[in-house]
Amino acid sequence: MVKLLWIAAGGATGSVLRYLVSGWVQQGTKGTFPWGTLVVNVCGCFLIGLLAHLLAEQSLVREEHRAALLIGVLGGFTTYSTYAWETLAFVGEGQFGRALANVALSTIVGLGAAWAGYRTSVLLAGG
């Protein structure tokens, strides 16, 4: 039960961070492409690649704190449901190029960020 409370608190934190970061980026780009969502997802992918490995390999934190960070904060922070909705909106508006760009960029850059986070954690751990 305590672990669930930690995850819930992390999720609330991640959701607020997503709102702030995504809005800040989107406002800064002043464009019609969802750059805020893309930036949040790429950052989330990098962080989960980095932290999942570091926290699993090095018993740095208690299990409930690890769950709060990885499941709660990063789960609340990343926005794949928003990404899916924005992509479908592009399709509904007949903007197939933007829809395809959103899918391709989110997938390719997100996977690249997760790999970069994992490789960074390996290097930090001396591996």
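A helix here is a DSSP run of H or I at least four residues long, and helices are numbered from the N terminus. With that in hand, here are some close-ups of a predicted model.

**View 1. Asparagine 102 is a buried residue of helix 5.** Let's start with asparagine 102, which sits in helix 5. Is asparagine 102 buried or exposed? Its relative accessibility is 2%, and since buried means under 20%, asparagine 102 counts as buried. Who are its contacts, once we skip the neighbours within four places in sequence? They are Phe33, Pro34, Tyr83, Glu86 and Thr87.

**View 2. Seven residues make up the largest nonpolar core.** Look for Phe33, Leu38, Val42, Cys45, Phe90, Ala99 and Ala113, which form this core together. Two elements, helix 2 and helix 5, each give two or more residues to the core. Helix 2 gives the most, with three residues. Now zoom in on alanine 113: leaving aside neighbours within four places in sequence, alanine 113 is in contact with Val42, Cys45 and Phe46. Apart from this core lies another one, of six residues, including Leu50, Leu51, Leu55 and Leu70. As a bit of background, nonpolar side chains tend to be buried together in soluble globular proteins.

View 3. As for tryptophan 35, you'll find it in helix 2 (residues 35-57). Tryptophan 35 has a relative accessible area of 36%, so it is partly exposed.

**View 4. Helix 3 spans residues 63-77.** This helix has 15 residues, and the stretch from its first C-alpha to its last reaches 20 Å. That is close to the 21 Å you'd expect at 1.5 Å a residue. Which residues of helix 3 are buried? The list runs Glu64, Ala67, Ala68, Leu70, Gly72, Val73, Leu74, Gly76 and Phe77. Leu70 turns up in the six-residue core too.

**View 5. Two salt bridges are counted in this model.** In one of them, glutamate 63 pairs with lysine 3, and their closest N and O atoms are 3.4 Å apart. Why is this pair worth a look? Glutamate 63 belongs to helix 3 and lysine 3 to helix 1, so the pair ties together parts that are 60 residues apart in sequence. Both partners are partly exposed: glutamate 63 has 40% relative accessibility, and lysine 3 has a relative accessible area of 37%. In the other bridge, the side chains of glutamate 64 and arginine 62 meet at 2.4 Å, N to O. Glutamate 64 has a relative accessible area of 18%, so this residue is buried.

**View 6. Lysine 30 has a positive phi.** Where is lysine 30? Look in the loop between helix 1 (2-29) and helix 2. Phi of lysine 30 is near 50 degrees, a positive value in a residue other than glycine. For comparison, most residues other than glycine have a negative phi. Is lysine 30 buried or exposed? Its relative accessibility is 72%, so lysine 30 counts as exposed.

Notes. Residues numbered from 1 in each chain as written. Predicted model: local features only at pLDDT ≥ 70, side-chain atom pairs only at ≥ 80, totals over all residues. Heavy atoms only, no water. Buried < 20%, exposed > 50% of the residue type's maximum accessible area, 1.4 Å probe, protein only. Core = buried A, V, L, I, M, F, W, Y, C linked by side-chain atoms within 4.5 Å. Contact = heavy atoms within 4.5 Å. Expected span 1.5 Å × (residues − 1). Salt bridge = Lys/Arg side-chain N within 4 Å of Asp/Glu carboxyl O.
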